[in-house]
Amino acid sequence: MTTIEVLTEGPVGSGTRFRETRVMFGKEATEEMEFVEFDPPSGYSLLAESHGSRYTTTYRLAARDGGTHLHMHFHAIPQTIGARILGVLFRPLMGSVKREMARDLDELKAAMDLEFTWVRGHSGHAAAPLSVAAGSAGC
C-alpha cells in the first residue's frame, strides 16, 4: 500500500469508508473500500465494488497457542456479464492475487514484529482463503 485516505468523519467503525492506493502487477491502483463489519478485537470485513465485481475481505483474530491466529478470506463476486467473462479470462492470475494478499500479511507481520506460521487454504472458486497463525513458531 502506498496511501490510505479516510473519507468519513469520526472514529473507525462499520460504515467508515477509505480510499487505498497500492501497486498491483506493476501499476498503481486505487480502490474505495468500506468497513461493513467492525468488531474489535475479533476482526472486521471490508467491501469494495470495482470493475463490475463486489469484493469482500474478512479478517478474523482468535487466541491460539499463546499467540493470535489471523484468518484472512477474500471473495470476489462478479455483478455483470463482462465481469464474469473477465473472471474466467483472468483465473490464471489468481496465484498472483494470492501473492499480493500474502504480501499484505507480510507487511502486517513486519508492522507487528511477530513471527508467523503460514497456513494456506485451497479453494476451487474465486475465494482465496489465507490464514496466519502468530506465535512463537517461525516461518
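Thr16 sits in the loop between β1 (3-6) and β2 (17-24), with strands taken as DSSP E runs of at least two residues and helices as H or I runs of at least four, numbered from the N terminus. The model is a predicted one, so to speak of local features takes pLDDT of at least 70 and side-chain atom pairs count only at pLDDT 80 or more, while totals for chains, interfaces and linings use all residues. Residue numbers run from 1 along each chain as its sequence is written, and side-chain values use heavy atoms, with hydrogens and water left out.

At 6% relative accessibility, Thr16 is buried (under 20% relative accessible area; exposed is over 50%, partly exposed in between; 1.4 Å probe, protein chains only). Leaving aside residues up to four places away in sequence, Thr16 touches Val6, Thr8, Pro11, Met33, Glu34 and Phe35 (heavy atoms within 4.5 Å). A polar atom of the Thr16 side chain also lies 2.8 Å from the backbone nitrogen of Gly13.

Met33 turns up again in the largest nonpolar core, which has 13 residues; those with the most contacts inside it are Phe18, Met33, Leu46, Tyr59, Met72, Met101 and Leu105. Such a core is a set of buried Ala, Val, Leu, Ile, Met, Phe, Trp, Tyr and Cys residues joined through side-chain atoms within 4.5 Å. At least two of its residues come from each of β3 (27-39), β4 (43-50), β6 (67-78) and α2 (94-112), and β6 gives the largest share, 4 residues.

Then there is Ile81, in helix α1 (residues 81-89). Ile81 is exposed, at 65% relative accessible area.

Technical notes:
Polar contact = N/O pair within 3.5 Å; in protein donor to acceptor, adjacent residues only side chain to side chain.
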